[in-house]
Amino acid sequence: MHVLESAYHVTRRSIHRASLATFENRVLSVRLTNGTHETLHVPKGPCVVAGACTVSFQELAPGEAGTIRFSSSEGSLVGSTKSWCHHAGAVELVVGQERLLLAQAAPIGQSIKKNSCFAFRFAGERDKDVRQFYKQMPQEFMGLPGASSSAAGKEFTAYAMASSPYEVDMVVLGDDGVTFKGMDSLQQLRFAELCKEYKPDNVLQGLFIADYMAVCNALPNISLTDRAFTLDLLILTFVHSNVIGLPPDAVKKNLQLWERSRVPPVASSMGPLKHGAYDALDPDTHNVEDHVESALLLLSAATFQTMSMMHEVAADLQHRGLWLEVVGANTYETQMARRLDIESDEDLKDESFIMEHLKSGQQDVDSTASDPKSEGVFSRLVACHVCGAGAQKVSSPVVCARASPRRTSDPSAMVAQSSSSNPVDLLKLLVRHCIHTSADYVLRRSILYEFAASRLQSGSGAAGGGALDGIVAAVLRCSTMLPLAQRCFETGEGFGLPATFCKSYSMDALAHLDGGTVASSQQVLESLGYQAVEYKVLATNSKSGEFFFISDDKRFLIKTISVNESILLQKMLTSYQHHIRKWPHSLIVRYAGLFNVEAPSAGLSQYFIVMRSVFDPAFHIHETYDLKGSLFNRRKKEGESIGKDEDWISAKQHIATPSHRRHELYAMHELDVELLRRFDVMDYSLLVGVHHIQEREAQDLPSESAGYWQPGGGVLSEDQKTLYFVGLIDFLIMYDLGKQTENFIRVVQGHGEDASCVSPPSYAKRQAVFIRDRVLTCGHAEPGTLGRLQVEIISAENLVAADWIGTSDPYVRVTLGLLHRQTDMVRRDCNPRWGSTLFLPVNESHTGQEIELSVWDWDANRALRGSDDFLGKLIVPMQHVLRGPVCFLGEPLLDVSQGQLSVRLTFQPLGTEEPTFNFLTAEVLEASDTEEPVLFETDGLQGGSEPFIATRKK
């Protein structure tokens, strides 16, 4: 890519971003659930000021759900110009004797102005019609994620919550209506736990409500196909099987709508869903958006019906005096009681009790000061509260005694001692609180699911005695494989800590990857929870300025990330989980969770990730390398301990492992990088840790069966003198405008291809070549996990003259997967003859891919003229080559006006001897009367047609 090409791409992206903010088609979907005992109807058409408005219903029976959709795609340009809105309008609804008015406006350029508006209220005397209401629309509800509002009428109340700037969930309730949507995840969980104790038949209903709300929270930042997969999983588990015991025909209308829109067809109603089938869908051709909308309406209606049934359960718990346990489940006091096994929350209000608890352990302080594992963080939170809230009542020796020499920077003590506490220490404390709360939630939720499944199995649950094994399996599958869930935990101010808002993303599913052996919630609690030793701050070479913390046992790392990186990871999480389950030997780092912690009074809001360390804590890492595949400015600076690509080559390092392991490692790396390339990310690294084995360690080496992807596993060198630990890390960098600008600068400097910052496809291919050739040092003709592809490039005729002097300098590049090989260049010849044989490895993932043979004109001055000129290509499905040799003689090249290519492709399975037949000369062709394929001219390859496969002579 030359300077002008790079400048063009940067400019085009800038214009595209500006146009999206101004002219992009926008949609606002209002999902409305009728939670009253009256029929809700639309008396007349909507008032449309700009764009279009469609209402999916004329009336909604009690418990039904429908959609009001405002969009700019169908509106006229004139209307948008007059109002300067993408879409704007109002709708009138009637329920009983009351009128409910809704209005919204999405101004052009709203991503800059941030002033989109959604408002609603029950009509009063001054509201004559919807147009007047639109003109007087109050700026009370801005449609931002998490924003909520309510409006009360004489008999009914309407509640609305914006899950994103483009989606609003709304419910209309009567005086006796009930909604659990105001609860956070801890309160929902406690409600389900009380059901287990007092109303065991209602546990699944409580879990369904909690999981549905968690899924809705996670939907805005993910793809349509991932939404469809997750929502269908919930529907098939709870609604379609009716394990939640809905009344007959309660959601019949919405269920029929969902069944009509279902994609792809599910062979068995309770059979496991395949994420790969959803991932392969084209949203534009399969109406995925309509299916997602129908799924959300069905789940909204089913959730409301379930909440209505649970109203009696809540009333019973309130009668028993237990409802306060639900309301107070998210307080520091309640969590303290769980930690200290205190029977009564009232004890926590008595400072004398707290002091007695502290003094009871004070006698052991001196003997345990050198052992930080003997002290839990929650105990220190109590001391922090006593010191901060009532320091005059507590003698200082108690506080001092609780802090061992290794705890001088104890975050809780810092909070208590000074109002200007170190923000890093405060961050560590709140991060620990968020992680422990989330992991504890996952473990308690798993217990509830196992309890519910056992009741179904025994025939005592809501589904009755005829519960099928498939239903039980589906319930357990939802427990461990719900891919998208955002749990929200709110904790009020207490114990010297500010009010805290925590969010946990998909920790339930991540904990069960790899069979729960790598990053389970129990392991997270042991390493990072309240009882764990203080985190350590880890130095980093990163330019982004994020914080790294590492657990004392060195099993887990915590890394702070930006908002954009968190959104990207949310988009990737479903595919990431599917990839790990499909390829359990993946080199991609294992995440234990994505989190967000906010403490508004402290001005703190931070996203962070928890991941399993690539290295095994049992082995000392003597050398560490961060490899990207770039050789431009990739050498460690003075004082840095982590080597880079140039350092790896200078040290003459390579992973000298047996051939079968080498093939497996490369195949797995290519699969992993393909996944990352799909999400347009780059700048990721292969982290390599090197442990030099001492003689006394021989008995402690991992066995061959303990693979490199397992805890305690590593890649053992062939001479058993070195142990390597490898993992793909840091893949949350998008190739955005900033990165494109950086690439433009490198192009100007003449390093557009070898610099670290290149486009995601180029980055993936370059790293794959580097890992195979420089890290694993695979030979040029070394096979893959299935064998190798032999490509004999014979000649070309009548190629396009790409150079100024009327000729070309052609060469052929053969690409399979991310790896490519190419012939030598033939100077100034439009009818070149190469006579070259190229080899590419063939792995399992390649069997369904295509082989590309492209012809290029080599350019000497690329900075001036740009990349090499394209002269045409041939596409050959790998499946055809697997069935037998494929031959072309004078095959017309695609995507160009002229040019033909003669080649032969042969698959050589792993372990077969190299063929002695040389298929490069006409003489050999004429003499070949054996079982070798015959080469002759074809009628040409047309786009989409199958390539010619030579037949064998009889």
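**Exercise 1.** In which loop is the place of Lys 554? Describe the residue's backbone and accessibility.

*Solution.* The model is predicted: local features need pLDDT of at least 70, side-chain atom pairs count only at pLDDT 80 or more, and totals for chains, interfaces and linings use all residues. Residues are numbered from 1 along each chain as its sequence is written, and side-chain values use heavy atoms, with hydrogens and water left out.

Step 1. Lys 554 is in the loop between strand E16 (548-550) and strand E17 (556-561). Helices (H or I, at least four residues) and strands (E, at least two) are DSSP runs, numbered from the N terminus.

Step 2. Most residues other than glycine have a negative phi. Lys 554 is not a glycine, yet has a positive phi of about 65°.

Step 3. The relative accessibility of Lys 554 is 45%, so the residue counts as partly exposed. Buried means under 20% relative accessible area, exposed over 50%, and partly exposed in between (1.4 Å probe, protein chains only).

**Exercise 2.** Work out how H22 and H24 pack.

*Solution.* Step 1. Two packed helices are described by the angle between their axes and the distance between the axes. For helix H22 (residues 563-582) and helix H24 (residues 659-678) the angle is about 165° and the axes are 11 Å apart. Axes are lines fitted to C-alpha atoms, for helices over the stretch in contact, and angles run from 0 to 180 degrees between N-to-C directions.

Step 1. H22 and H24 are therefore roughly antiparallel to each other; angles under 35 degrees count as roughly parallel, over 145 as roughly antiparallel, 65 to 115 as roughly perpendicular and the rest as oblique.

Step 2. H22 contributes Met 572, Ser 575, Tyr 576 and His 579 to the contact, and H24 contributes Met 668, Leu 671, Asp 672, Leu 675, Leu 676 and Arg 678. Contact means heavy atoms within 4.5 Å.

**Exercise 3.** How many disulfides does the structure hold?

*Solution.* Step 1. A disulfide is a pair of cysteine sulfur atoms within 2.5 Å. The structure holds zero.

Step 1. For Cys 47, the closest cysteine sulfur is in Cys 53, 9.3 Å away, too far for a bond.

Step 2. Cys 47 counts as buried at 6% relative accessibility.
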